[in-house]
There are 2 protein chains.
Amino acid sequence: MEEWEQYFSKNPAPGAYALACAQLKEFCERHANYCPIVLVTSGGTTVPLERNTVRFVDNFSAGTRGAASTEYFLDEGYAVIFLHRDKSVAPFMRHLHPGVLLDALEEQEGGRLALTQQHSAQVHPIWQSYQRVKKEKRLLWLNFTTLSDYLWLLRAATQCLQQHAPSSLLYLAAAVSDFYIPQDNISEHKIQSSSGPLTVTLELVPKMLSPLVSIWGPGLFVTSFKLETDGGMLIEKATAALRRYKHNLVIGNLLQTRREEVTLVTEGNSCLVRLSEQQKQDNVEIEKVIVQEVCSRHRNFISRQLQENNTAQ
Amino acid sequence: MEEWEQYFSKNPAPGAYALACAQLKEFCERHANYCPIVLVTSGGTTVPLERNTVRFVDNFSAGTRGAASTEYFLDEGYAVIFLHRDKSVAPFMRHLHPGVLLDALEEQEGGRLALTQQHSAQVHPIWQSYQRVKKEKRLLWLNFTTLSDYLWLLRAATQCLQQHAPSSLLYLAAAVSDFYIPQDNISEHKIQSSSGPLTVTLELVPKMLSPLVSIWGPGLFVTSFKLETDGGMLIEKATAALRRYKHNLVIGNLLQTRREEVTLVTEGNSCLVRLSEQQKQDNVEIEKVIVQEVCSRHRNFISRQLQENNTAQ
């Protein structure tokens, strides 16, 4: 048994797994003939230190990149499966801060609460996009908390999208833990501080991109992200990932500058995308530029695949 | 040097520390003559594994207990310092879900967005309370992310409130890590998975309740929380904490049942507080009952202290 198979055999599926699979199937079948479909993963995964979980290792990610990208994929005409960490940043909703909101409401005659004129003008275009997407049912919300939940849902979504290759796209923006604690080593109850210093040994998670590209979704356009904090090793690590897994695109980014620049790495080509001063002034989000770039490459990929299929016939 | 002093000497103050101290001083001085003041701590603290933090150990806590309790302390006439984990559940705002909200907005004639009749009726009392509290400036928002930020702000707030004992109250509902990684052992950059399995050694955090009760705020009414997952050891652990630190009240709760019951433990007395079936049906929150109980005990404490002072004079 491969390492990744062992992982799935030892870590049980999340609670609502059957429901999620049914939703995925229905969503993909409904949209496949009409528009391309993208799986966007977003937010960090947790690794529990206790089965009754009080403590856990987390990966830094608010989920802003995934949430923003989802909006831009919808703009580009895609149907989006938004697989996100529970309570992370959400598309559309991210523009409404509940804190600001209580200040932005005012009482009208008759006691009804309405947004102030100024706030209403800001929220209106977002509200309109949200209503349109909702009416078209082009956004499927699936969530996870732990690493294990994430991996189960990632596999299910990939296998579902493979039925609709090559016009399906994976955009793996979630910050997924490289380490985990095997089920057998997890403490049942809250670890007591009276036991003294705590040593935690984390095992390596099997590299899931490998079965993802070769077995679950061999016909899909796969985009992964690589986050580093040390600029010196970014391109090298991104290129190594690409060679190892043989997928289509790695988007490299540094923790410190990730809102302003990323590097798109393909076999033999690395392309720096950086917001111009003008774009920054206009509050253009880098996700808009990234998504346009990814969609363009995906369209080329689809053309090539269809050509090859025609040639082969 | 005591262990807790060493901790502060090795872990630097958070960025906006001076500003927070100034806000605390101004807030306490403004309210002290008019109403009791409570410090509510809320949400979990993080322990970074890397200085450029991608990974961290977190403590499970959405911050619901602290946020709900804050609202009930405000109802009881207290001024509240809400020291909370950044992006955790917030008082008032917690009743507005941005997701629901985009669905709850409708376009009026002229294009202005207003809450639907039904949603407006639900939000109205919350909006009104929020506006009143805001006008009275009875709520100070301070936030933290890491364990170190939390401890610095906890000490500053306690020292400030000590100036206004005995009518100040500490209500320590935050889920604070018992373990940390000393600065010298923290990796500068993101830990690489290519190095193989990861062993993390976490040291014990010095018990800060000890200097808090004896040095920073000896005249305050101090309430701490004890969360366990194993019911068998809850009362025993709560009582041990009380004997060790000699503060006023420990509120014991189990992860599994914490929304329905807690145990208030004082020296020689443990009192179970459980929501009745009727209260559950009426959606009464247990924080309402807890806060009423704590305020009642705090009032008795104030009376006794004032009596003792009068007798001594």
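Select E71(A) first: this side chain is buried, with a relative accessible area of 10% (buried means under 20% relative accessible area, exposed over 50%, partly exposed in between, with a 1.4 Å probe and protein chains only). Keep in mind that this is a predicted model, where local features need pLDDT of at least 70, side-chain atom pairs count only at pLDDT 80 or more, and totals for chains, interfaces and linings use all residues. Residues are numbered from 1 along each chain as its sequence is written, chains are lettered from A and ligands numbered from 1 in the order in which they are written, and side-chain values use heavy atoms, leaving out hydrogens and water.

R94(A) sits in the loop between strand 4 (79-85) and helix 4 (98-104) of chain A and E71(A) in helix 3, so the pair ties together parts 23 residues apart in sequence. Helices (H or I, at least four residues) and strands (E, at least two) are DSSP runs numbered from the N terminus. R94(A) counts as buried too, at 15%.

Next, jump to E287(A), buried at 2%. Which residue does E287(A) meet at 3.2 Å, N to O, in a salt bridge? Pick R259(A), which is partly exposed at 37%.

E287(A) also pairs with R65(A), again in a salt bridge, at 3.2 Å. That link runs from helix 10 (residues 286-312) to helix 3 (residues 64-75), 222 residues apart.

Methods. Salt bridge = Lys/Arg side-chain N within 4 Å of Asp/Glu carboxyl O.
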